[in-house]
Amino acid sequence: MSETAVREIITFWFEELTPRHWFIKDATLDATITRRFSTTLEAGRLGELWHWRTSAEGRLAEILVLDQFSRNIHRNSAAAFSQDPQALILAQEAVAQGIDSQLDASRKVFLYMPFMHSESLLIHDEAMRLFDQPGLEENFAYERKHREILVRFGRYPHRNALLGRESTPEEAAFLQEPGSSF
């Protein structure tokens, strides 16, 4: 995988798509991402994209593939979340190295997204700090909502069925509430 692949991922996510596409469930979009990027996701899963980490955009592209594209490619499957720990480690390293400071707000959001996807309150403490900056106010509000779910349940109940976890009665009731899932 080359720098051309990095450019293709960044262009696809930030120029071909609009923010409306980023968080919707759309079978056509899922199919497009699967067709165009499933081989890249497999390479990322295997750790074969390490050479992308020499630039801020390369690091971001690898995180997008592991954290976002995996959700599209493996929608409604436990595999959608299987790259989350790897994406989180890449994001943590990027923050520790100050790589996030090289990105504009729209790109920072996706560098930080693995923190929001974590089911660890400790990780969410850091996510609250990261998202609490100018230009990320809307995402900070979503981070706060994600953290509140973890405080209440210790996990994301909307993942339970896919991950083979039994929901508690409280979680089942919560999942019936409007806006309970993201």
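In this talk, a residue is called buried when its relative accessible area is under 20%, exposed when that area is over 50%, and partly exposed in between, using a 1.4 Å probe and protein chains only. The structure is a predicted model, in which local features need pLDDT of at least 70 and side-chain atom pairs count only at pLDDT 80 or more, while totals for chains, interfaces and linings use all residues. Residues are numbered from 1 along each chain as its sequence is written, and side-chain values use heavy atoms, with hydrogens and water left out.

Let me begin with Arg107. This arginine sits in helix α6, residues 105-117; helices here are DSSP runs of H or I with at least four residues, strands are E runs of at least two, and both are numbered from the N terminus. Is Arg107 buried or exposed? Its relative accessible area is 15%, so Arg107 is buried. Not counting residues up to four places away in sequence, Arg107 touches Ile10, Phe14, Glu57 and Leu60, where contact means heavy atoms within 4.5 Å.

Angles under 35 degrees count as roughly parallel, over 145 as roughly antiparallel, 65 to 115 as roughly perpendicular, and the rest as oblique. On the α4 side, the contact includes Glu57, Arg59, Leu60 and Ile63, and among its partners in α6 are Arg107, Phe110 and Leu111. By class, the residues of this contact are seven nonpolar, two polar and five charged. Here Ala, Val, Leu, Ile, Met, Phe, Trp, Tyr, Cys and Pro count as nonpolar, Asp, Glu, Lys and Arg as charged, and the others, Gly among them, as polar.

I turn next to the nonpolar cores. A core is a set of buried Ala, Val, Leu, Ile, Met, Phe, Trp, Tyr and Cys residues joined through side-chain atoms within 4.5 Å. The largest has 46 residues, and those with the most contacts inside it are Trp13, Phe69 and Phe110. Which element gives the most to this core? That element is α4, with nine residues. Leaving aside neighbours within four places in sequence, Trp13 is in contact with Trp22, Ile33, Leu64, Gln68, Phe69 and Phe110. Another core, of five residues, lies apart, and Ile149, Leu150, Phe153 and Phe174 are among them.

The axes of α7 (residues 121-131) and α8 (residues 137-153) come within 9 Å and cross at roughly 165°. α7 and α8 are therefore roughly antiparallel to each other. Their contact includes Leu121, His124 and Phe131 of α7, together with Phe140, Arg147 and Leu150 of α8. These contact residues divide into seven nonpolar, three polar and four charged.

Two loop positions remain. Asn76, in the loop between α4 (56-73) and α5 (84-96), has a positive phi of about 65° although it is not a glycine. At 61% relative accessibility, Asn76 counts as exposed. Asp26 is placed in the loop between α2 (19-22) and α3, and at 25% relative accessibility counts as partly exposed. The C-alpha atoms of Asp26 and Asn72 are separated by 8.5 Å, although these residues are 46 residues apart along the chain.

Note on methods. Axes fitted to C-alpha atoms, helices over the stretch in contact; angles between N-to-C directions.
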